Amino acid sequence: MKNWIIFSVVFILSLSLVISVFVFWKANAPFSEIEQKAESFALDTKALAVVDESYVYNGNKPYVTVFGVDEYGKEKAVFVPMSLDENSMQEVFLADGITEDQALSVFQEDTAVKEILHMKLGFEEPGPVWEITYKSESGSLNYVYLLFEDGQWWKRILNL
């Protein structure tokens, strides 16, 4: 009887683990697919020669931000729209703006933070922006947008 109980518990835990991994994998599949398409698109249009990293940015319009190096060896971020329309694609040289660390230091000078959830470079109405998502000391969700060019505050969405 004891062996059956141990077997049942191990079986249920194993099954739960396999199902959880499968669900997370399937949930991430659409993001992985569009990121791969955007990376290929950035390479095919010769906006980048080498791709380093990419992620989905959801602002007013969703983009995939693709980081890499162009044919001249300059580091660049390319904002590929979900429609993969070459005319709507935007790009910026990373040397022309503030780095992620500089944006983080500008942000932390002014803000009490419990936990930073993520930082993303995206494209909005005024141009490239750093989006910082964090939890405040009170535990509320907050979004802050800093302009990529100079680190000035653009928009704050607080206490969600």
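## First stop: Leu94 and its contacts

Select Leu94 and show the residues around it. Leaving out residues up to four places away in sequence, Leu94 touches Phe67, Glu75, Lys76, Ala77, Leu121 and Phe148. The model is a predicted one, so read each stop as a description of a prediction.

Leu94 sits in the loop between strand E4 (90-93) and helix H2 (100-110).

Leu94 and Phe22 are 72 residues apart in sequence, and their C-alpha atoms are 37 Å apart in space.

## Second stop: the whole chain

Zoom out and colour by secondary structure. The chain has two helices and eight strands. Followed along the sequence, they give the pattern α-β-β-β-β-α-β-β-β-β.

Along its principal axes, the C-alpha trace spans about 70 × 45 × 25 Å. The radius of gyration of the chain is 20 Å, while a compact globule of 160 residues would have one near 15 Å. Of the 160 residues, 32% count as buried.

Switch to a surface view. The chain exposes about 10200 Å², and carbon and sulfur atoms supply 55% of that area. Among contacts between residues at least 6 apart in sequence, 34% join residues at least 24 apart.

Return to the cartoon and select strands E5, E6, E7 and E8. They form an open sheet of four strands in the order E5-E6-E7-E8, with antiparallel pairing. Strand E5 (113-124) and strand E8 (153-157) stand at the edges; each has a single partner strand, so one side of each is left without a neighbour in the sheet. From one strand to the next, the twist averages 20 degrees.

What holds paired strands together in general? Strands of a sheet pair through backbone hydrogen bonds, either parallel or antiparallel.

Go to strand E6 (residues 127-136) and strand E7 (residues 141-147). These two run antiparallel and are joined by seven bridges. Select Ile132 to find one of the pairs: its bridge partner in E7 is Val144.

Keep Val144 selected and look towards E8. There the bridge partner of Val144 is Arg156. How many bridges join E7 to E8? Four bridges join them, and the two strands run antiparallel.

E7 and E8 form a hairpin with five residues between them. Select Gly151 in the turn: this residue has a positive phi of about 80 degrees.

Next, select helix H2. H2 lies across E5, E6, E7 and E8, and runs at about 130 degrees to E5.

## Last stop: Thr65

Select Thr65, which is in strand E2 (residues 62-69). With a relative accessible area of 0%, Thr65 is buried.

Show the side chain of Thr65 together with the backbone of Leu121. A polar atom of the Thr65 side chain lies 2.8 Å from the backbone oxygen of Leu121.

Finally, show the other neighbours. Not counting residues up to four places away in sequence, Thr65 touches Glu53, Ser54, Tyr55, Tyr57, Ala77, Val78, Phe79, Leu121 and Gly122.

Methods. Residues numbered from 1 in each chain as written. Heavy atoms only, no water. Contact = heavy atoms within 4.5 Å. Pairing = 2+ DSSP bridges. Axes fitted to C-alpha atoms, helices over the stretch in contact; angles between N-to-C directions. Rg over C-alpha atoms; globule rule 2.2 N^0.38 Å. Buried < 20%, exposed > 50% of the residue type's maximum accessible area, 1.4 Å probe, protein only. Areas by Shrake-Rupley, 256 points an atom, 1.4 Å probe, with all protein chains shown as cover. Polar contact = N/O pair within 3.5 Å; in protein donor to acceptor, adjacent residues only side chain to side chain.
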